[in-house]
Every structure is written in structure tokens, then in C-alpha cells.
Amino acid sequence: MTKLGKTYGIEKRGTPKGRGNITLLEIGWCAGFLEGEGSFTGGRGFTIKAGQRSREPLERLQLLLGGRIGTQSKGQLFRWSVSGPRARGVALTLYPLLSERRQEQIRGWIHQDSPERLRRGGGLS
């Protein structure tokens, strides 16, 4: 839970929240940006990431959806990420606007995190 991208689905304390009350146009922008530039991962938790050389589009994501911005590659690359319950909320908000491939990834997350699976001891793999 120390390095950016290694939070394993647990949001760090103090992670900025989105501003709320975002418009449908802004939701569409977020979906399009993350469809093309984002990474949706499950495993030990839900995480959505996007990397860019320019910080500006990531700051817009942070303003609208919350999350953190960090740097990689000696400050040459900026990376936005959101994890845990916030990532699930973002994924479900954007779901109808995403490609079938992304929707399938999200459905896989939901299945992994289902209460029946957790009760059976399946946990998140």
C-alpha cells in the first residue's frame, strides 16, 4: 500500500474525492478518456489507472472522479489512479458508455467480489 499502483484496491487515507454533480458530458469525457488511456484491473482489489506525459487530463479526471496523481519514470510520466470502493463506483458509473471488453472486465470484478464467493472463502484472487 506504499507505492502508487500498488494499493491493491485499498484507497489511501486522504485520497481526493471528485467534486460531485458532474454532467453527462463530463461522464462521457471520462469514459472516452479511460476507454482509450485507462487500465482496469482486478485481482486483489479494484483499481483504475491512466498514465500521461501531460498532467492536465489527469487533473481533470481527479477533479471529476477523485483519486490520486503521482509520477513515474523520474517525473516524466504522470499517473492517475483510483482504488477500492471509489474505483467500483467509477466503473459502474461509466459502465454503459464503455466498450464490451471493458464491461466484461467490470462484470468479472463484480463476480470476484460477490458475497457468495467471499462466503465460500474464494476471496479476491
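The buried residues of helix α1 are covered by elements that include β1 (38-41), β2 (47-52), α2 (56-65), β4 (77-83), α3 (84-94) and α4 (100-112); cover is judged by contact, meaning heavy atoms within 4.5 Å. The buried positions in α1 are Glu26, Ile27, Cys30, Ala31, Phe33 and Leu34, where buried denotes under 20% relative accessible area, exposed over 50%, and partly exposed in between (1.4 Å probe, protein chains only). Helices (H or I, at least four residues) and strands (E, at least two) are DSSP runs, numbered from the N terminus.

This is a predicted model, in which local features need pLDDT of at least 70 and side-chain atom pairs count only at pLDDT 80 or more, whereas totals for chains, interfaces and linings use all residues. Residues are numbered from 1 along each chain as its sequence is written, and side-chain values use heavy atoms, with hydrogens and water left out.

Two packed helices are described by the angle between their axes and the distance between the axes. The axes of α1 and α2 come within 11 Å and cross at roughly 130 degrees; these axes are lines fitted to C-alpha atoms, for helices over the stretch in contact, with angles from 0 to 180 degrees between N-to-C directions. From α1, the contact draws on Glu26, Trp29, Cys30, Phe33 and Leu34, and from α2 on Pro57, Leu58, Arg60, Leu61, Leu64 and Leu65.

Strand β2 contains Lys49. Because its relative accessibility is 18%, Lys49 counts as buried. The C-alpha atoms of Lys49 and Val82 are separated by 6.6 Å, although these residues lie 33 residues apart along the chain.
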